[in-house]
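Student: I would like to learn how to read aromatic contacts and a nonpolar core from a structure. Could you take me through an example?

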Amino acid sequence: MDMQKEGHHSVSLWVVAFALTAGLQIFRGSLGDTVIFTLGTAIIVAAGFVPESWDLRTTRKISNLQLSLVFVFVGILLVLFPKHSLETTVLLLLVLPAAILLAWGTHRGPKKPPTQRVKRARLLWVSWAVLTCIWEFSANILGQLHNTHTGFPTISILIVPLLDSILGQAGFVAVWVLVGLSLIRIGRRP
């Protein structure tokens, strides 16, 4: 996904995606989401200019078991805390630095060429992400222009009724935690 060539800093597709999403949040008037995606854009841009000597060797400092226990603990708290509450915001802000440190270290530099399986997986993920973004952007913009959320529902509008029960919220958090943990574990492989 990175269009960066050796010795040359070009624009990362992740920067473009986060910046566009930040712009959408400004358009829809969501201050919290604007802050999140603007900070995300800034972190990704900054990552391109951090010397490799600053990388943290996080894969050696934290075992998969420790990582799993933290994810389970955070997941339980997310189920117990009310959605969109101060407690949830504080919890996620406390977890953010650790997540950045886990993602930051040992992932840069030359890598082996990807296998066909990895190329297919990347294509699948990129296709899913692009289709989801097109849906979300289109539905959100059309909903804002027509002053209706139900006429052009976003994915979040469609799943909110499922999350209103404790069972639905627990199921969503469990899937969110498992996907996040799986992605971090895959990223930690040498």
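Student: How many aromatic pairs does the count come to here?

Tutor: Bear in mind that this is a predicted model. The count comes to 2 aromatic pairs.

Student: How are the planes of Phe18 and Phe37 placed, and how far apart are the ring centres?

Tutor: Planes under 30 degrees apart count as stacked and those over 60 as edge-to-face, with the rest called tilted. The planes of Phe18 and Phe37 stand at 50°, with ring centres 5.7 Å apart, so this pair is tilted. The pair links distant parts of the chain, since Phe18 lies in helix H1 (residues 13-28) and Phe37, 19 residues apart from it, in helix H2 (residues 31-47). Phe18 is partly exposed, with a relative accessible area of 24%, and Phe37 is partly exposed with a value of 24%.

Student: What kind of pair do Trp125 and Trp128 form?

Tutor: Their planes meet at 90° with the ring centres 5.7 Å apart, so the pair is edge-to-face. Both residues belong to helix H6 (residues 116-145), where being 3 residues apart separates them by about one helical turn. Exposed means over 50% relative accessible area, so Trp128, at 52%, counts as exposed, whereas Trp125, at 48%, is partly exposed.

Student: Which residues make up the largest nonpolar core?

Tutor: This core has 10 residues in all, among them Leu67, Phe71, Leu91 and Val177. Helix H4 (64-80) and helix H8 (166-188) each supply at least two of its residues, and H4 gives the most, with 6 residues.

Technical notes
Residues are numbered from 1 along each chain as its sequence is written. This is a predicted model: local features need pLDDT of at least 70, side-chain atom pairs count only at pLDDT 80 or more; totals for chains, interfaces and linings use all residues. Side-chain values use heavy atoms; hydrogens and water are left out. A nonpolar core is a set of buried Ala, Val, Leu, Ile, Met, Phe, Trp, Tyr and Cys residues joined through side-chain atoms within 4.5 Å. Buried means under 20% relative accessible area, exposed over 50%, partly exposed in between (1.4 Å probe, protein chains only). Helices (H or I, at least four residues) and strands (E, at least two) are DSSP runs, numbered from the N terminus. Rings of Phe, Tyr and Trp (its six-membered ring) pair if their centres lie within 6.5 Å; planes under 30 degrees apart count as stacked, over 60 as edge-to-face and the rest as tilted.
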